[in-house]
Amino acid sequence: MLSSRKASYKVPPAVVRDPLISQEHRRSKRRAERFDSSRQLDLFSDLTLGPSDDEIGDEDNDQDGPQIVREGVAQFAGMLAPSGVATDIDVSEATAISSESAVPPSQPSDVQTNAKKRGKNKRKGKAAAAGAKGRKPSNWADKCMYAELLEMSEEMSEAYPLSDGIPENIETGWVVVTPVPVGKRCLAITHQISGIAGVVPNVTLRSRVLGKPLMGAFPSPLPPQTILDCILDENWHKNGILHVLDVIKWKGQDVADCETPFRFWWRDTRLSELSSHPPPPSATDVEPTVMQGVEAPSSWYKFPYPTTFCPVPYYTDTSLANLAGALVPLTRSSRFFSVSTPVQTAEGTAAMDLDGAVSPLVQLEVTTAELKSDGMLLYVSKAAYEPGTSPLSSWIPLKAYTPDSQQSEANALPVALESPLDVFERLVRRRLVLKNGGSALATPEVSMEEV
């Protein structure tokens, strides 16, 4: 199971021939199911008004008086009080009487016997529960909205010019998030604390698949009862950045059912209102470390936890011209973000008071962190946030990924797979040529100088 999941991770799928199992069909079906669930039609499925006039036989027409409906209300019969019980009896007393009368004479002895048996097996039950607790999945497992890889195909004909896999309403019904940084997907969950915000630990990072904590709780200026969909930067020890991709709940307010542009706007607005807190100077790691064969200097500051919440940029202008001319080149480039770190002293440690407490006046220096891109995300504009893998969000990676099965073959030559972003750019340019009146079979030339 583990090997199959690794083999299919970020690997482009095969070309889908059947339109009933295509990504566009599944996307439309998921949106329809989501819309029907919001209408709560299941609550009315058991209701009935009885037989219609056409279903009633001739023998029923001879009856005098109105027809009594005897269907659809049987489920409420248990809520009525018995006719033999007086109305002035208290409800609690009536409940006690009915419960006592419902117990047969042999019931008390059986209960005592079962209680003794439970008392003997109490320790065994606790041990079994403790063992099962370790295997119980976390409540935060698979709660992120994980995008599917966009299924693209360059096989195109004049009869079906829009069968390339790119959504037909890409210009009007989608939102682009790019560049998506390289890192580990996780959930940032804040808890209710009794202390000063930014000093008392209140945030826990949970992994996407298993929901296990990635590190210990750490302080942050985020309000309590907040859940954010985040990406932990691959170099967070050096820059202390936690990328915020989406917002699920903010200060107890559930925004998962809101549309995508509103969630991203809410995310940027609320994060901009947070007060900045400098990283702790007492948590500096001054020991030389070896990373990728290069020894880091002794004055390098090591962040103990993320201190900067950086939102991933999003764009609502998804026209073909803007995709090909601006957003695709932006995905290939890296971002640069300013990060504040404590100034190191000559001994290689941050400034501290003599008694060991952190000085309120911490000298900070601003450094520039490079954020490498991993790809582009597409979100359906009029869609809510839903947990698990969803076709309402599509992933276009910057690099091509080779399956583990191909890499493990003996004497196998390395397979040079093309970047999905390059395929996406060609298809977008082809769509642009088709929109301007050109032929659908014309292959546009992509100049690397433009990139």
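Is Asn322 buried or exposed? With a relative accessibility of 18%, Asn322 counts as buried, where buried means under 20% relative accessible area, exposed means over 50%, and partly exposed lies in between (1.4 Å probe, protein chains only).

**Before starting**

The structure is a predicted model, in which local features need pLDDT of at least 70 and side-chain atom pairs count only at pLDDT 80 or more, while totals for chains, interfaces and linings use all residues. Residues are numbered from 1 along each chain as its sequence is written, and side-chain values use heavy atoms, with hydrogens and water left out.

**The whole chain**

Display the protein chain as a cartoon. The protein chain has eleven helices and 15 strands; helices (H or I, at least four residues) and strands (E, at least two) are DSSP runs, numbered from the N terminus. Of its 451 residues, 34% count as buried. The accessible surface of the protein chain is about 27,800 Å², and 54% of that belongs to carbon and sulfur atoms; such areas come from the Shrake-Rupley method with a 1.4 Å probe, and for residues only the protein chains shown count as cover. Among contacts in the protein chain with a separation of 6 or more, 70% are accounted for by residues 24 or more positions apart; contact means heavy atoms within 4.5 Å.

**Stop 1: the nonpolar cores**

Select Val177, Met376, Leu377, Leu378 and Phe424. These residues have the most contacts inside the largest nonpolar core, which has 42 residues. A nonpolar core is a set of buried Ala, Val, Leu, Ile, Met, Phe, Trp, Tyr and Cys residues joined through side-chain atoms within 4.5 Å.

Now centre the view on Met376. Not counting residues up to four places away in sequence, Met376 touches residues including Val176, Val177, Thr178, Val180, Leu327 and Val328.

**Stop 2: helices 9 and 11**

Select residues 320–332 (helix 9) and residues 420–435 (helix 11), whose axes come within 9 Å and cross at roughly 165 degrees. Axes are lines fitted to C-alpha atoms, for helices over the stretch in contact, and angles run from 0 to 180 degrees between N-to-C directions. The crossing angle makes helix 9 roughly antiparallel to helix 11, a term for angles over 145 degrees. From helix 9, the contact is made by Leu320, Ala321, Leu323, Ala324, Val328, Thr331 and Arg332. From helix 11, the residues in this contact include Leu421, Asp422, Phe424, Glu425 and Val428.

Asn322, the residue of the opening question, is placed in helix 9. Leaving aside neighbours within four places in sequence, Asn322 is in contact with Asp317 and Leu327.

**Stop 3**

Move to Ser333, in the loop between helix 9 and strand 12 (335–342). Ser333 is partly exposed, with a relative accessible area of 29%. Not counting residues up to four places away in sequence, Ser333 touches Pro179 and Ser373. The C-alpha atoms of Ser333 and Ser373 are separated by 6.6 Å, although the two residues are 40 residues apart along the chain.

Select Pro179 next, in strand 2 (residues 174–181). The peptide bond from Thr178 to Pro179 is cis, with omega near -10 degrees.

**Stop 4**

Which residues does Phe336 contact, leaving aside its neighbours within four places in sequence? Phe336 is in contact with Thr368, Ala369 and Glu370. Phe336 is found in strand 12 and, at 58% relative accessibility, counts as exposed. Phe336 and Glu370 are 34 residues apart in sequence and 4.7 Å apart in space, C-alpha to C-alpha.

Trp300, by contrast, is buried, with a relative accessible area of 15%. Its place is in the loop between strand 9 (294–295) and strand 10 (308–311). From Trp300 to Thr341, 41 residues apart in sequence, the C-alpha to C-alpha distance is 9.8 Å.

**Stop 5**

Finish with two loop residues.

- Asp142 is in the loop between helix 6 (122–135) and strand 1 (145–149); phi is near 55 degrees, a positive value in a residue other than glycine. Asp142 is partly exposed, at 38% relative accessible area.
- Gln225 is in the loop between strand 4 (203–207) and strand 5 (227–233); phi is positive, about 60 degrees, although Gln225 is not a glycine. At 45% relative accessibility, Gln225 counts as partly exposed.

Key
Angles under 35 degrees count as roughly parallel, over 145 as roughly antiparallel, 65 to 115 as roughly perpendicular and the rest as oblique.
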